[in-house]
Amino acid sequence: MRAVIMHSPGDVHVEDVPDPTIVKPTDAVIRLAASCICGSDLWPYRGVVQPNHQAMGHEYVGVVEEAGADVRTLTPGDFVVGSFMASCGECEICRSGFPSRCARRGRDGINGMQAQYARVPLADGTLVKVPGQPNAAAVRGLLAASDVLGTGWFGAVAAQAGPGKTVAVVGDGAVGLLAVLAARDLGSERVIAMSRHADRQELARYYGATDIVEERGDEGVAAIKDLTDGHGAHSVVEAVGTQESFLQAVHATRPGGHMGFVGLGHEVRIPGLELFNAQIHMLGGPAPVRNYLPDLIDRILAGSMDPGRVFDLTLPLNDAAEGYRAMDERRATKVMLTV
Ligand SMILES: [Zn+2]
Ligand SMILES: [Zn+2]
């Protein structure tokens, strides 16, 4: 089969590799319908972390090709969407609401989804069956649910977005834009998108942003305070993962407010005194997307949300290298790969 392999920073190729097989009886093998390139795939692409001839991709929708002997809920032909983290759904951590940190997963991860076929561990817990065979528009939305929508949703939930709340979203990538959507769908009164790109501001408004703040850093924080009687936002979603954006989010949250951080942070350091004095609630990390999938699938199939609009470039799998270049050069926000 064909699969995307990253050999070293910037060196991405679509190659022939062996087809995946069932390794454990709880595995399924799926035939991908679509996959996509994640902002986090740019970390190895740019050499921030070192890639090692690795299979790429963790966002996916597809059809069950083969189910292991212990898989109870899925049969070949089922259309499925799953989280970017495998989870059993039964252990104490999964049941407490954090399948993204499943205690039974061990070293079994989700990877190699930028390919024609892929192995999914803990298939019963990880995958959610979608009723019927979705049309092309629904496939785009469901693909977004696999990571960027689920992650934006978690960011908004962690920040306790909801009725009566003013929510600020730091970051205008796909996750930030879908955190705007999530904050509005959760009933927030006001949603402030922090963005300095006209096309992304337009999409943020489409998803329900009521205000746009273009400033960053201390100026961005001052702009948020100007909009909130000097207090800061009730809820702030951090969807970038840099030092500047993280501190911007901490400082933009009012005392007693909530911050959800979903940007994959590298080398972020928070001075202890600033954290102490901020006096805010914080929850973040890898999003427990699996929790939200049944609800998000219903909303997408009902047509009540359109998260697939974040994909502004669609390429065939064989052109994945161009997709990486386009995202690296910021010519595209989010690239969908059709298989
Ligand atoms: Zn991702
Ligand atoms: Zn578990």
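Two strands are said to pair if DSSP finds at least two bridges between them. Helices (H or I, at least four residues) and strands (E, at least two) are DSSP runs, numbered from the N terminus. This is a predicted model, in which local features need pLDDT of at least 70 and side-chain atom pairs count only at pLDDT 80 or more, while totals for chains, interfaces and linings use all residues. Residues are numbered from 1 along each chain as its sequence is written, and chains are lettered from A and ligands numbered from 1 in the order in which they are written.

**View 1. An open sheet is formed by 6 strands.** The order is S11-S10-S9-S12-S13-S14, with parallel pairing. Strand S11 (211-213) and strand S14 (281-284) are the edges; each has a single partner strand, so one side of each lacks a neighbour in the sheet. Neighbouring strands are turned by 20° against each other on average, direction ignored.

**View 2. Strand S13 (residues 253-261) pairs with S14 in the parallel sense.** The pairing runs over 4 bridges. Gly260 stands opposite Leu283 in S14.

**View 3. Helix H5 (residues 148-158) meets helix H11 (residues 289-301).** Their axes (lines fitted to C-alpha atoms, for helices over the stretch in contact; angles run from 0 to 180 degrees between N-to-C directions) come within 9 Å and cross at roughly 105°. H5 is therefore roughly perpendicular to H11 (65 to 115 degrees; under 35 is roughly parallel, over 145 roughly antiparallel, the rest oblique). Residues in contact (C-beta atoms, placed from the backbone, within 7 Å) include Trp153 and Phe154 in H5, and Tyr292 and Leu296 in H11.

Key:
Two residues are in contact if their C-beta atoms, placed from the backbone, lie within 7 Å.
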